[in-house]
Amino acid sequence: MKRLLLPLTLLLFLVLEGTAMDFLPKEWLLADYYIIPHWVLVVLTYIAIFYDFDSTYYCVLYGIIFGLLIDLIYTDMLGVYMFTYGLVIYITHGLKKLLHSNVFVTLLLTMIAIVTADTTIYVLYSFIQATEMVWESYILMSLLPTLAANVLFALVLYPLLPGKLQEWSESQLKRSNAI
């Protein structure tokens, strides 16, 4: 049962991510800003920092699986989120090895992950002409509001999630071998 806690937590945030726009005030939704919730990516960043050891890559595995689920549930194109989340979490896992985990490093890595993922998704959609937004408009109307909203979400999660992830990591990964 303990092994299911992490995937169930990610599944909960996947479902909540789909309803995130309902929590915003209607004035924000009527403006020309696009806020894209990347709550699963934020939780994956926390998993990379607080759950995985340097030699384990559960965050990358969950990034690929839940990226595919996001592609299947919320988008029309298969593989964009799966590729992006897997790559971005792999980079985040590598950067984690260079820095000690605390609130500032967590927020910095979360910001890097969100900017990298959102920009990669925009570039991939631009290549296949799924978006017509120009680069300057994308930065001002989509990337900056998305970054602000997701960093705020990461701040709300910080008192709740790292302690649980470290507890689960100690109980599950100490006895098992790495992937």
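Colleague: Which residues does Thr120 touch, not counting residues up to four places away in sequence?

Modeller: Thr120 touches Phe83 and Thr84, leaving out residues up to four places away in sequence; contact means heavy atoms within 4.5 Å. This is a predicted model, in which local features need pLDDT of at least 70 and side-chain atom pairs count only at pLDDT 80 or more, while totals for chains, interfaces and linings use all residues. Residues are numbered from 1 along each chain as its sequence is written, and side-chain values use heavy atoms, without hydrogens and water.

Thr120 lies in helix H6; helices are DSSP runs of H or I with at least four residues, numbered from the N terminus. Thr75 is 45 residues from Thr120 in sequence, and their C-alpha atoms are 15 Å apart in space.

H6 also gives the largest pocket the largest share of its lining, four residues. A pocket is an open set of points on a 1 Å grid over the protein atoms alone, where a 1.4 Å probe fits, with protein on both sides within 12 Å along at least five of seven lines; lining residues have an atom within 4 Å of a point. The volume of the largest pocket is about 510 Å³, counted as the space filled by probe spheres set on the points. Of its 19 lining residues, Ile36, Tyr81, Asp118, Ile121 and Tyr125 lie nearest the centre. Helices H1 (5-18), H4, H6 (103-127) and H7 (135-157) each give two or more residues to this lining. By class, the lining has 13 nonpolar, four polar and two charged residues; Ala, Val, Leu, Ile, Met, Phe, Trp, Tyr, Cys and Pro count as nonpolar, Asp, Glu, Lys and Arg as charged, and the others, Gly among them, as polar.

H4 (residues 58-74) also packs against H3 (residues 39-50), at an angle of about 170° and with axes 10 Å apart. H3 is therefore roughly antiparallel to H4, a label for angles over 145 degrees, on a scale from 0 to 180 degrees between N-to-C directions, with axes fitted to C-alpha atoms over the stretch in contact. Among the residues that meet are Leu44 and Ile47 in H3 and Tyr62 and Phe66 in H4.

Definitions and conventions. Angles under 35 degrees count as roughly parallel, over 145 as roughly antiparallel, 65 to 115 as roughly perpendicular and the rest as oblique.
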